[in-house]
Amino acid sequence: MTIPDLVIAHGTVVNSFGRQAAHVVVDGGRIAQLIDAAEPVPAASRSVDASGKLVIPGGVDGHCHVAQVTGRFRTLDDYRTTSIAALWGGTTTIIDFGIPRDAQESPLDAVLNKKRLAAESRCDVALHGSVVSWDETVPWQLEQLAAEGVRSVKMYTTNRGSTMADGDTILKVMREMVRLDGLTYIHAEHDPIIADCTEQHASDGRIGIGHLHSTRPELAEEISVKETLAMAEYTGAPVYFVHQSTPGAVDLVSEARNRGQEAYSETCPHYLTLDDTVYGSDFPEWYACCPPMRSAETVAALKERLAAGAIHTVSSDHSCYDLSQKRERTDDVRFMPHGLPGVETRMPVTFTAMASSSSVEDFVEVFSAGPARINAVPRKGAIAVGFDADLVVFDPAEEREVDGGALHMGTDFSPFEGKTLSGWPAVVVSAGRVVIDDGGFHDPGPVGRFVPRDGFTAHRDALSVRKSLPGPTTVSV
């Protein structure tokens with residue numbers, strides 16, 4: 001009789017739906033058993049003692065940008081770098097975007113190019129597609145993406161001249177995603193308001209990084225969410241709003257859900273912990289992102305929505321520029337690269353932000369279970385028999401100070417520099433392999449798998465059936 005590969009012993013296993021003291025038995029890259037911790041530890045090729053610690057599902061980061069090109073700027077990472085940083089941060093699955101670089105690259109080609117690059121990943125990878133403009137080939141391309149297991153498409157309501165999709169394109173793509181059982185991702189900022197506001201600031205000489213937050217008002221985000229929800233209601237399309245930064249935007253999604261719409265809110269760690277006073281700091285370029293940081297009052301209200309369960313996922317929106325790129329045009333936010341490195345710090349920043357008002361189960365929901373379920377990523381987001389052995393062991397009381405230079409994201413700063421955070425991973429298991437422990441990082445090589453995703457409603461319905469099944473495979477997600 002063969003013995004299993006790994007046992008995580010004596011830990012408190014925390015899923016989004018509850019916790020138990022258990023030994024987690026891992027074999028062949030999957031979770032083979034959960035054994036009550038009062039029972040003897042079974043023999044295994046390797047045993048990790050998690051006494052006094054929590055064991056949670058590996059993180060699923062539904063919003064990462066790897067090797068992203070924006071105009072003349074390219075992020076400094078690749079799949080090797082970003083996946084290693086993700087693992088250091090307790091994330092075992094990332095979902096990247098295949099966004100056409102220009103009019104010559106099709107949505108299908110953009111995804112296939114990213115899929116080829118992802119062969120260097122150390123953790124599992126899924127992909128979102130993206131459509132910028134509609135033509136008669138788009139339905140066929142979306143069919144091909146669905147066949148590849150790419151079941152979501154992102155569109156921007158801003159960034160005219162580059163990634164922005166007009167209303168006709170958004171509506172038509174939504175209809176196709178309903179037909180293909182997919183999910184529509186939306187970056188919601190009202191472009192005419194932002195363009196006019198930015199132009200007014202430029203004419204007044206207030207266009208440097210210190211004024212970023214006032215060039216992109218909260219109203220621009222909220223009116224775009226409202227308009228997009230109307231199109232989603234009209235087409236019947238499930239819709240997911242990335243990086244929501246205002247309680248008003250979240251409330252609009254909640255109201256739509258109360259009317260029966262399939263609508264979801266994502267936020268990011270920086271919107272939960274940083275406010276717009278950072279643009280008056282010594283290093284405002286550390287915080288160049290869109291949407292920008294909001295007022296302290298808005299941040300507090302957003303955290304209240306998170307604690308109330310109105311925000312469904314917390315994703316990093318990882319974009320790995322460095323300070324030399326950020327500082328090229330701090331005089332004019334229209335020409336700066338926007339985006340923050342964050343795949344490695346998503347876990348501790350989010351956990352710290354939630355610690356005083358939410359349970360660890362709630363944290364697991366937005367860090368892992370929710371992103372896996374909403375994005376229809378199979379076998380992720382729970383510690384349950386048959387699921388992938390993606391696991392994180394950590395002590396919620398352990399604190400560390402962020403040192404941007406010691407992180408692994410391929411850049412030279414972190415927007416959380418100097419902050420003391422709890423919820424760092426001590427042991428990370430990815431696909432059954434121990435990749436992080438007290439000996440540091442153990443590079444497994446380019447073993448990350450491309451994960452084809454299920455259809456949106458097919459995945460939801462399968463989970464509903466699974467809830468009703470008896471025995472150890474039941475997962476209440």
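Let's start with proline 139 and what it touches: leaving aside neighbours within four places in sequence, proline 139 is in contact with Trp134, Glu176 and Arg179. Contact here means heavy atoms within 4.5 Å. Before we go on, please remember that this is a predicted model, where local features need pLDDT of at least 70 and side-chain atom pairs count only at pLDDT 80 or more, while totals for chains, interfaces and linings use all residues. Residues are numbered from 1 along each chain as its sequence is written, and side-chain values use heavy atoms, with hydrogens and water left out.

Back to our proline. Proline 139 lies in helix α3; helices (H or I, at least four residues) and strands (E, at least two) are DSSP runs, numbered from the N terminus. Is proline 139 buried or exposed? With a relative accessible area of 19%, proline 139 is buried. Buried means under 20%, exposed means over 50%, and partly exposed is in between, using a 1.4 Å probe and protein chains only. Between proline 139 and arginine 179 there are 9.8 Å in space, C-alpha to C-alpha, and the two are 40 residues apart in sequence.

Now let's look at the helices themselves. The axes of α3 (residues 138-147) and α4 (residues 167-179) come within 10 Å and cross at roughly 40°. Those axes are lines fitted to C-alpha atoms, for helices over the stretch in contact, and angles run from 0 to 180 degrees between N-to-C directions. The two helices are therefore oblique to each other: angles under 35 degrees count as roughly parallel, over 145 as roughly antiparallel, 65 to 115 as roughly perpendicular, and the rest as oblique. Which residues meet there? From α3 we have Pro139, Leu142 and Glu143, and they meet Val173, Glu176, Met177 and Arg179 in α4.

Next stop, threonine 157. You can find threonine 157 in the loop between β11 (152-156) and α4. Threonine 157 is buried, at a relative accessible area of 11%. Its side chain is joined to that of serine 224 by a polar contact of 2.9 Å. A polar contact is a pair of N or O atoms within 3.5 Å; within protein, one must be able to donate a hydrogen and the other to accept it, and residues adjacent in sequence count only if both atoms are side-chain atoms.

Last one: aspartate 124, in strand β10 (residues 124-130). Aspartate 124 is buried, with a relative accessible area of 2%. A polar contact of 2.7 Å links the side chains of aspartate 124 and arginine 449.
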